[in-house]
Amino acid sequence: MEYKASILYVEDDVTLSFVTRDNLERKGYFIDLCGDGLAALEKIAERKYDLCILDVMLPKMDGFTVASRIREKDGTVPILFLTARTTREDKIHGLTIGGDDYITKPFSIEELILKIEIFLKRSIVNPAKDARSAIHCLGSFEFDVANQSLKRGNQVQQLTYRESVLLTLLLDYKDTILPREEILLKVWGNDHFFSSRSLDVFISRLRKLLKTDPDIRIENIHNVGYRLRSG
């Protein structure tokens with residue numbers, strides 16, 4: 001059987017995990033299910049996944065720590081957190097350590113599938129593109145869209161999925177003000193408050209990655225949006 005994608009799903013609620021796994025498998029996804037954080041790290045060491053879905057509250061090792069360990073080895077795989085926590089601080093922390101998005105429990109299968117499909121779309125970051133068109137010069141950096149990496153001299157920095165998608169969009173509209181609402185709809189698929197806070201976190205992450213070239217600026221246009229400038 002040919003699967004749409006391979007997903008690592010880490011959840012310690014047995015009933016929820018089995019129901020969710022069965023629904024996702026019926027949609028054509030290959031699901032590796034783990035019940036604790038340490039087992040998840042063992043799976044990550046064995047194979048590469050197209051997406052990781054991590055519950056935050058896990059036995060043996062919490063989801064935030066698992067995500068941090070994953071990011072040490074793989075900067076590109078999208079990470080989606082599942083959490084019953086609703087505090088903004090927890091959510092922002094998850095994004096800061098390399099997560100890409102959140103779903104708050106309880107969630108619907110339809111909501112989860114929509115998030116998965118957004119992450120796995122090939123149209124935004126498409127490895128099949130011609131290699132020349134997939135390399136962008138940005139100041140002293142080379143941005144490899146297909147491999148989600150930034151290169152400056154001999155230094156290569158790996159981007160996460162969301163960082164890569166956001167930087168691609170900013171480059172497409174370089175020197176032009178991009179309204180926040182447009183960025184949110186194109187990258188997150190909605191303009192909800194938490195997505196707006198997530199955008200600020202990811203802009204900060206990109207600025208940190210690009211800070212070694214002082215000629216590159218991601219300008220904050222107050223109450224409007226962002227503009228990428230170089231030179």
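A crossing of two helices is called left-handed if the near helix is turned anticlockwise from the far one by less than a right angle, and right-handed if clockwise. Helices (H or I, at least four residues) and strands (E, at least two) are DSSP runs, numbered from the N terminus. Welcome to a predicted model, in which local features need pLDDT of at least 70, side-chain atom pairs count only at pLDDT 80 or more, and totals for chains, interfaces and linings use all residues. Residues are numbered from 1 along each chain as its sequence is written, and side-chain values use heavy atoms, leaving out hydrogens and water.

**View A. Helix α6 crosses helix α7.** The axes of α6 (residues 161-172) and α7 (residues 180-188) come within 10 Å and cross at roughly 135 degrees (axes are lines fitted to C-alpha atoms, for helices over the stretch in contact, and angles run from 0 to 180 degrees between N-to-C directions). That makes α6 oblique to α7 (under 35 degrees is roughly parallel, over 145 roughly antiparallel, 65 to 115 roughly perpendicular and the rest oblique). The crossing is right-handed.

**View B. Residues of α6 meet residues of α7.** Look for R162, V165, L166 and L169 of α6, which make the contact with I183, K186, V187 and W188 of α7 (contact means heavy atoms within 4.5 Å).

**View C. Three strands form an open sheet.** Their order is β10-β12-β11, with antiparallel pairing (two strands pair if DSSP finds at least two bridges between them). At the edges, β10 (178-179) and β11 (216-221) each pair on one side only. Six bridges join β11 to β12 (residues 225-230), and I216 stands opposite S230 in β12.

**View D. Helix α6 lies across β10, β11 and β12.** Here α6 runs at about 75 degrees to β12.
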